[in-house]
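Here is a report on a two-chain model. Keep the sequence and the coordinates open while reading.

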Amino acid sequence: MSAGASKKVIYDANVIIYYCFLHEERIKGKTVTIRAIESTNKIQRLTEQFLIKGVEIETISGVIDEIFDKGIAKIVDEYCDDPRTKDLIGIPARVQITNRIRLRLARKTEGKILRLQHKPWFTVVDYHAKEEEVEAVKSFYESLRGTPKMIEHMRRKGTREAYPSNVDIALLMYSKESGAPIVTKDSDFTYFKHELEQRGLCHGILIDP
Amino acid sequence: MSMQKGSEGEEAKGNVPKYWPILYVLYRKKRICNSFDIQKDLYLAKMAGNAPIEYAFVDDYCGRPCCTSIKQDAISLADQGYVNVSFENEWIFEITEEGVKKVEDFIDKLPVEVRKSFDYILEEYGSLPMVKLRDYLYGWHSRLVAPEEHEQLKRQLLDETELLLSEFSCAESNGNSLFLRGSIDYCMLILKRENLDDTTQKDNLLTFVDGYIRKILLLKEITRGNTEILRHICLNDFKEDFELIQEASMVYDVLPALYEEDVDLAVFVED
């Protein structure tokens, strides 16, 4: 599925956070751009392309809750623990970036996500998947347990659960219902893109380039 | 809700509802950020302006006169359509058109001298930072604390913040644990940087930090360090308290607020 084929796309939690994780900070008089090293630029460019083509961007309320619950903290911590970040801001590799700086970055990201929700091209839909649909998706993932692909996926992800979170399942269901693809980097989706699309468990998976 | 029951009764008798000063202060200011600011305005109107306000104030864990019913009633006024309530680091209250109409309904029932006195208080003290008001009006000047007592408290707080920081650092990272870690860490830097000569300011700042740390210690005790429980707790009141600590730190020129836009991050790095 190409980026411009649909009039609407659905963003998952990480894609939204990466889009908003772009800050300018002054450090010892020097202005430094803070962004998720491999992802922010890509999703910024992709979003620009969507907007030029008049594609609307949506997500579901569960995703926004997940972002504020765990998502931002996880990405801020990953960013601050990345040795390349310390290089960028000029602190020695052995020194930890303090919790107060992490909180400041998290707060700035929260602010941007709150403002994003007021953009006319971005909509948060109050959507909840039906219990039987959730079970159907879980059964699908469970059916892959023991296959080399699932074994590899679970090993990489370091999880014992074969299926994704309820919010991710709701995202699949919303994609199916709304006829819009999910833009994602989440391996729960990208690893099984072909199977999910073939089984009709979502409208489509658009792997964040 | 008890507020509504009582208020309906009073209104039926032709009196103004108990929550009238909340709506009145919002009518005058239109928008108030931080629930403690509403409490502050009502406290001053009652104590310094002799306004007939039914809310009773007690000192909170930071030594601030507070009345949690005011915050609860202000939030409940949203259900009646008189106020818009939201939260972004602190509670934000805005009067609605319905609220304006409501005030205009009862404003004539208020004696002119009450309105005048209330307006004077709002004009005189309404925009002053909470920490300054506390200096001038709450009589803390008279509370003499020996310098060594402050130093003892600082040492104790530093030990406690270090302990809390190490405990919360072991917790799984989520929005709440990151907020607690970051705010404790900021308080720790305040304690290390603070070198105030003015004992009132020093006392204020240490009291705010002490109150905040006590509250987090209680939270830790209640949750027994279970991060899964901690994740689901609403920390809005903690966030408001942290705003006040940042404000005090900024007003007393100890550290800029952590969330301040135009600040060099080097200021938050320890030497």
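## Contacts and overall form of chain A

Take the contacts in chain A between residues at least 6 apart in sequence. Of these, 74% join residues at least 24 apart. The model is predicted, and every value here is computed from it.

Chain A has 10 helices and seven strands. Its radius of gyration is 18 Å, close to the 17 Å that the globule rule gives for 209 residues, so chain A is as compact as a globular protein of that length. Along the principal axes, the C-alpha atoms of chain A fill a box of roughly 55 × 40 × 25 Å. Of its 209 residues, 35% count as buried.

## The sheet of chain A

Five strands of chain A form an open sheet. The order is E5-E4-E1-E6-E7, and the pairing is parallel. Which strands stand at the edges? They are E5 (122-125) and E7 of chain A. Each has a single partner strand, so one side of each is left without a neighbour in the sheet. From one strand to the next, the twist averages 35 degrees.

The pairings can be followed strand by strand. E4(A) and E5(A) run parallel and share four bridges. Here Glu58(A) stands opposite Thr123(A) in E5(A). E4(A) spans residues 56-60 and is joined by three bridges to E1(A), residues 8-11, again in the parallel sense. In this pair, Lys8(A) faces Glu56(A) of E4(A) as its opposite residue. E1(A) also pairs with strand E6 (residues 182-184) of chain A, through two bridges and in parallel. Tyr11(A) stands opposite Val183(A) in E6(A).

## A covered helix

How many residues of helix H1 of chain A are buried? Eight of its eight residues are, so the helix, residues 13-20, is mostly covered. The buried residues are Ala13(A), Asn14(A), Val15(A), Ile16(A), Ile17(A), Tyr18(A), Tyr19(A) and Cys20(A).

An α-helix has 3.6 residues a turn, so residues three or four places apart point the same way.

## A glycine in a loop

Gly204(A) sits in the loop between helix H10 (193-198) and strand E7 (205-207) of chain A. Is Gly204(A) buried or partly exposed? It has 19 C-beta neighbours inside 10 Å, so Gly204(A) counts as partly exposed. The cut-off for a buried residue is 20 or more.

Gly204(A) and Leu172(A) are 32 residues apart in sequence. In space, their C-alpha atoms are 8.6 Å apart.

## Where chain A meets chain B

In the contact between the chains, 23 residues of chain A touch 20 residues of chain B. Three elements of chain A each supply at least two residues of its side: strand E2 (22-27), helix H3 (61-81) and helix H5 (99-116). Which element gives the largest share? H5(A) does, with nine residues.

By class, the side of chain A that touches chain B has nine nonpolar, three polar and 11 charged residues.

## Two domains in chain B

The domain assignment of chain B gives domain 1 (2-127) and domain 2 (141-268). Taken over C-alpha atoms, the centres of these two domains are separated by 29 Å.

Across the boundary, 10 residues of domain 1 of chain B are in contact with 10 residues of domain 2 of chain B. The domain 1 side of this contact has five nonpolar, four polar and one charged residues.

## Positive phi in chain B

Asn50(B) is not a glycine, yet its phi is positive, at about 55 degrees. The residue lies in the loop between helix H3 (35-47) and strand E2 (58-59) of chain B. With 13 C-beta neighbours inside 10 Å, Asn50(B) counts as partly exposed. The cut-off for an exposed residue is 12 or fewer.

Asp253(B) is not a glycine either, and has a positive phi of about 65 degrees. Its place is in the segment after helix H12 (236-251) of chain B. Why does Asp253(B) count as exposed? Because it has 9 C-beta neighbours inside 10 Å, and 12 or fewer is the cut-off.

How values were computed: Residues are numbered from 1 along each chain as its sequence is written. Chains are lettered from A and ligands numbered from 1 in the order in which they are written. This is a predicted model: local features need pLDDT of at least 70, side-chain atom pairs count only at pLDDT 80 or more; totals for chains, interfaces and linings use all residues. Two strands pair if DSSP finds at least two bridges between them. Two residues are in contact if their C-beta atoms, placed from the backbone, lie within 7 Å. Ala, Val, Leu, Ile, Met, Phe, Trp, Tyr, Cys and Pro count as nonpolar, Asp, Glu, Lys and Arg as charged, and the others, Gly among them, as polar. Axes are lines fitted to C-alpha atoms, for helices over the stretch in contact, and angles run from 0 to 180 degrees between N-to-C directions. Domain bounds come from an automatic or database domain assignment. The radius of gyration is taken over C-alpha atoms; the globule rule is 2.2 Å times the number of residues to the power 0.38.
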